[in-house]
Amino acid sequence: MRLDKFLGDQNIGTRKQIKEYIKNGRCTINGEVATKPDIHIDENKDEISFDGEILSYSKFHYFMLNKPAGVVSATKDGKCQTVLNLLAGENVKDLSPCGRLDIDTEGLLLLTDDGELIHKLLSPKKHVDKTYEVHLSKEISENDIARLEEGLNIGDYNEDGSVKMTLPARVKVLPDDEEGRPLIHLIIHEGRFHQVKRMLEAVGNEVLFLRRLSMGSLQLDEDLAPGDYRPLTDEEISDLKK
Ligand code: URA
């Protein structure tokens, strides 16, 4: 493949920027400074470096977004801004959000064109952990915590008509938030519609604000403000695939 295409696939820059970078001698092929953007390389054999760092080729793209409130977790929407609009500068086709966060929920959202990874992380059989920071309308009692941790009825039913209880969850009580609202971390292993809000409603509480902090091994980067995103590191990608 062409060198500029390879660098573009690695999100190094736009075509125009890449041309400039190559002109400035920032890219090497097997240790030799590359001089032409249209030179052909073998992405599986040649060692390509940019600014001294070796690039490993991946045909897929992976981004971590700190989803802000007010944006929908969809690829298209007639009315609202979507999470894909926030990544519009990336010029990457076929990105999808891995799961959904409600419009008013903030936090970690993975966007990728790696369908196999999306399937793996969302499969109900895999029970991938998701940690949420949950700001509540009132104190949570020991009894409520026990019910959330054991599994409870949130109004879902199995095909045979029996109640589909939630899987056991974990609750960690934290000091109240800056606005004096009770705060917990809730770790769940499913991804049912409005699950966190419905679990808290089932114990007579109300979620006032929700942020996702982690999904499987992937942790929300604290340096990302709501609306910011960054590519995943190679380590984050390989940990997610394990
Ligand atoms: N649970 C919810 O209720 N909302 C979300 O956005 C995510 C999990």
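Helices (H or I, at least four residues) and strands (E, at least two) are DSSP runs, numbered from the N terminus. The model is predicted, with local features needing pLDDT of at least 70 and side-chain atom pairs counted only at pLDDT 80 or more, while totals for chains, interfaces and linings use all residues. Residue numbers run from 1 along each chain as its sequence is written, and side-chain values use heavy atoms, leaving out hydrogens and water.

Most residues other than glycine have a negative phi. Asp 51, found in the loop between strand S3 (48–50) and strand S4 (53–54), has a positive phi, near 50°. Asn 30 also has a positive phi near 50°, and it lies in the loop between strand S1 (27–29) and strand S2 (32–33). For accessibility, buried means under 20% relative accessible area, exposed over 50%, and partly exposed in between (1.4 Å probe, protein chains only). Asp 51, at 47%, therefore counts as partly exposed, and Asn 30, at 46%, is partly exposed too.

What about the aromatic rings? Rings of Phe, Tyr and Trp (its six-membered ring) pair if their centres lie within 6.5 Å; planes under 30 degrees apart count as stacked, over 60 as edge-to-face and the rest as tilted. By this rule there are three aromatic pairs. One of them is Tyr 21 with Phe 50, a tilted pair at 5.4 Å centre to centre and 55° between the planes. Tyr 21 sits in helix H2 (residues 15–23) and Phe 50 in strand S3, so this pair ties together parts that are 29 residues apart in sequence. Both Tyr 21 and Phe 50 are buried. Phe 63 and Tyr 229 make an edge-to-face pair, because their ring centres are 5.8 Å apart and their planes meet at 80°. Here the link is between distant parts of the chain, with Phe 63 in strand S5 (residues 62–67) and Tyr 229 in strand S13 (residues 229–231), 166 residues apart. Phe 63 is buried at 0% relative accessible area, whereas Tyr 229 is partly exposed at 24%.

The charged end of Arg 26 sits over the ring of Tyr 21, 4.5 Å from its centre (the rule asks for NZ of Lys or CZ of Arg within 6 Å of the ring centre and within 35 degrees of the ring normal).

Lastly, the cysteines. A search of the whole structure turns up zero disulfides, a disulfide being a pair of cysteine sulfur atoms within 2.5 Å. Cys 27 is buried, at 0% relative accessible area, and Cys 98 is buried at 0% too.
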